[in-house]
Amino acid sequence: MPTDSAVDGLAAALRGRLLRPADAGYDDARRVWNGLIDRRPALIARCADASDVIHAVDFARRQGLRVAVRGGGHNVAGFGTCDGGLVIDLSPMDTVTVDPAAREARAGGGATWGAFDAATQAHGLATTGGLVSTTGVGGLTLSGGIGWLMRRHGLAVDNLLAVELVTADGRLLRASLEENPDLFWAIRGGGGNFGIVTSFTFRLHPVGPTIYGGAIFYPIDRARELLRFYGDWVRTVPDDLTTMVVFLTAPPMPFIPPALQGTPMIAVPMCYAGPPDNGAAVVQPLRDFATPAVDVVGPMPYLALQTMFDAGAPRGLLAYWKTEYLQALSADAIDTLVRHADRMTSPLTQLHIHHLGGAVSRAAAGSTALSYRGAPFVLNGVAGWMDPAQTESEIAWARGLAEAIRPLAAGPQYLNFLGDEEDGRVRAAYGEDTYRRLARLKAAYDPENFFRLNQNIRPG
Ligand code: FAD
């Protein structure tokens, strides 16, 4: 542990606050979104700007402290906190500025998608961002970033134009296609392995403020038919339409009839990002497939869609996820999914199937480190519960789903949904060639693996 005077020195150097275990606010600040993660860092540096980040990095390096970097704190494996080390908390760096003429936005390293969307929608602009407004721009973008605009505009990472980041040796670098292009390639998919991004510059697109979206719900006994229909239908839809399928317990929301609240259902949430007037015709085949039990799809503000899932993902929820890519909704896959959905017991546990394709799959091979783009679906078994007594059974549910679906899966996994898995999974997620290139760059920019609380790439 560093001496008191060394810690006082860091506190004095920071513009933001340094929290120690005895300080008011420490207990809340040590926690992340996933309530299952219960770690006690020695220090939490709430950084106000890039120079605070440099001070914190230099301090941790000199003192030999392990470092956890926190953006929005949503990583399900809890990479945004640690036991005994230094948390570099970027959440005060949440400013988003928009250049509407250039169609670009700059977001601080700790900004959330809620702040990003609010700032950009003021100009009728947006880029692909997370489905929950409290998720961090940082973690989500650096490992991909799926969202409602992805089939039209690519993943969040595909819209990244430049970053400023602090490297393990405390330098502030700029990376883009023109400056440090190798580093720029690596961070676009390489997660937090290469440094702490203090500023992200994104390309924006005209979106909304009204889009055609929402969710259509069917009774759970239509699940098999729906998945069969859905697997075929999504092959025909335009890139402006991004959809997913969710097995869930119907929430106690005013738009769900009281008799259906608390019952298992299957829903298709969606966003049509083209002209709202064309949305109904695009969605009609889904309505024709079977009469929806609840239909709340129509013109709505893009900002409302971007907060539609917030209530189902409160901070402190106990969470455990398992993910796989799927090449098809085959009969075997449908059978496996429906059987495991039947075994969901917590009302906060859900099973998500995101439809990818479109611009996600069109990114030029090797243009970013997020190399795997081929699968049309990504599955996420999202176990969520409040009562610690359910921990064992909920984790067992997610693991059971993953084991059953793995023989049918496409191979690698989507890094943003991955828990704290064994090393082989991270390597497989990139593929051998990409991983080796990343490992070489890691050796150049972070030879001591200073940034290792992440989906880790070993220096090689
Ligand atoms: P953190 O836990 O703060 O950070 C995650 C990782 O990124 C850590 O390793 C951290 O060190 C690193 N990191 C964060 N910020 C920076 C930075 N500025 N510089 C360098 N490294 C950084 N994923 C999707 O793709 N689409 C979704 O719609 C989506 N929805 C989600 C909804 C919920 C409720 C949750 C819990 C997660 C969701 N995810 C989604 C997954 C999400 O992308 C990952 O959990 C991601 O890691 C969250 O980023 P964060 O900044 O909030 O997390």
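**Close-up views of the predicted model**

**View 1. The salt bridge between Arg15 and Asp49.** With a relative accessibility of 63%, Arg15 counts as exposed. The model shown in this and the other views is predicted. Asp49, at 18% relative accessibility, counts as buried, because the limit for that class is under 20%. The side chains of Arg15 and Asp49 form a salt bridge, with 2.7 Å from N to O. Arg15 belongs to the loop between helix 1 (4-13) and strand 1 (18-19), and Asp49 to the loop between strand 2 and helix 3 (50-63), so this pair ties together parts that are 34 residues apart in sequence.

**View 2. The salt bridge between Asp28 and Arg315.** The N to O distance between these two side chains is 3.0 Å. Asp28 is in helix 2 (residues 26-29), while Arg315 is in the loop between helix 10 (302-305) and strand 17 (318-326), so the pair ties together parts that are 287 residues apart in sequence. Arg315 has a relative accessible area of 48% and is therefore partly exposed.

**View 3. Other salt bridges.** The count of salt bridges in the model comes to 25. One of them joins the side chains of Lys442 and Asp446, at 2.8 Å from N to O. Both Lys442 and Asp446 are buried. Elsewhere, a network of salt bridges links Asp27, Arg30 and Asp38.

**View 4. Strand 4 (residues 86-89) and the strands it pairs with.** Strand 4 runs parallel to strand 2 (residues 43-46), and four bridges join them. In this pairing, Asp89 of strand 4 stands opposite Arg46. Strand 3 (residues 67-70) also pairs with strand 4 in the parallel sense, again over four bridges. Here Val87 of strand 4 is the bridge partner of Ala68. In a regular strand, side chains alternate between the two faces of the sheet. In strand 4, Leu86 and Ile88 point one way and Val87 and Asp89 point the other way. These residues are all buried.

**View 5. The nonpolar cores.** The largest nonpolar core has 44 residues. The members that touch the most others are Leu227, Phe247, Leu286, Leu329, Leu337, Leu351 and Ile353. Leaving aside neighbours within four places in sequence, Leu351 is in contact with Val245, Val246, Phe247, Leu337, Ala341, Met344, Leu379, Asn380, Trp397 and Leu401.

View 6. A polar backbone atom of Gly73 is 2.7 Å from an oxygen atom of the ligand. For Leu140, a polar backbone atom lies 3.3 Å from an oxygen atom of the ligand. In the case of Tyr414, an N or O atom of the side chain is 2.5 Å from a ligand oxygen atom.

**View 7. Asn416 and its contacts with Leu140 and Tyr414.** Asn416 is placed in the loop between helix 13 (391-405) and helix 14 (423-430). At 17% relative accessibility, Asn416 counts as buried. The Asn416 side chain reaches the backbone oxygen of Leu140 at 2.9 Å. The side chain of Asn416 also makes a polar contact with the side chain of Tyr414, at 2.9 Å. Apart from neighbours within four places in sequence, Asn416 is in contact with Gly139, Leu140, Ser143, Gly144, Gly145 and Trp321.

**View 8. Backbone geometry at Pro209, Arg103 and Asn449.** The peptide bond from Gly208 to Pro209 is cis, with omega near 10°. Pro209 lies in the loop between strand 11 (205-206) and strand 12 (210-219). Arg103, a residue other than glycine, has a positive phi near 55°. Arg103 is located in the loop between strand 5 (96-99) and strand 6 (104-108). With 40% relative accessibility, Arg103 counts as partly exposed. Asn449, also not a glycine, has a positive phi near 55°. The segment after helix 15 (432-445) holds Asn449. At 9% relative accessibility, Asn449 counts as buried.

Note on methods:
Residues are numbered from 1 along each chain as its sequence is written. This is a predicted model: local features need pLDDT of at least 70, side-chain atom pairs count only at pLDDT 80 or more; totals for chains, interfaces and linings use all residues. Side-chain values use heavy atoms; hydrogens and water are left out. Helices (H or I, at least four residues) and strands (E, at least two) are DSSP runs, numbered from the N terminus. Buried means under 20% relative accessible area, exposed over 50%, partly exposed in between (1.4 Å probe, protein chains only). A polar contact is a pair of N or O atoms within 3.5 Å; within protein, one must be able to donate a hydrogen and the other to accept it, and residues adjacent in sequence count only if both atoms are side-chain atoms. Contact means heavy atoms within 4.5 Å. A nonpolar core is a set of buried Ala, Val, Leu, Ile, Met, Phe, Trp, Tyr and Cys residues joined through side-chain atoms within 4.5 Å. Two strands pair if DSSP finds at least two bridges between them. A salt bridge is a side-chain nitrogen of Lys or Arg within 4 Å of a carboxyl oxygen of Asp or Glu.
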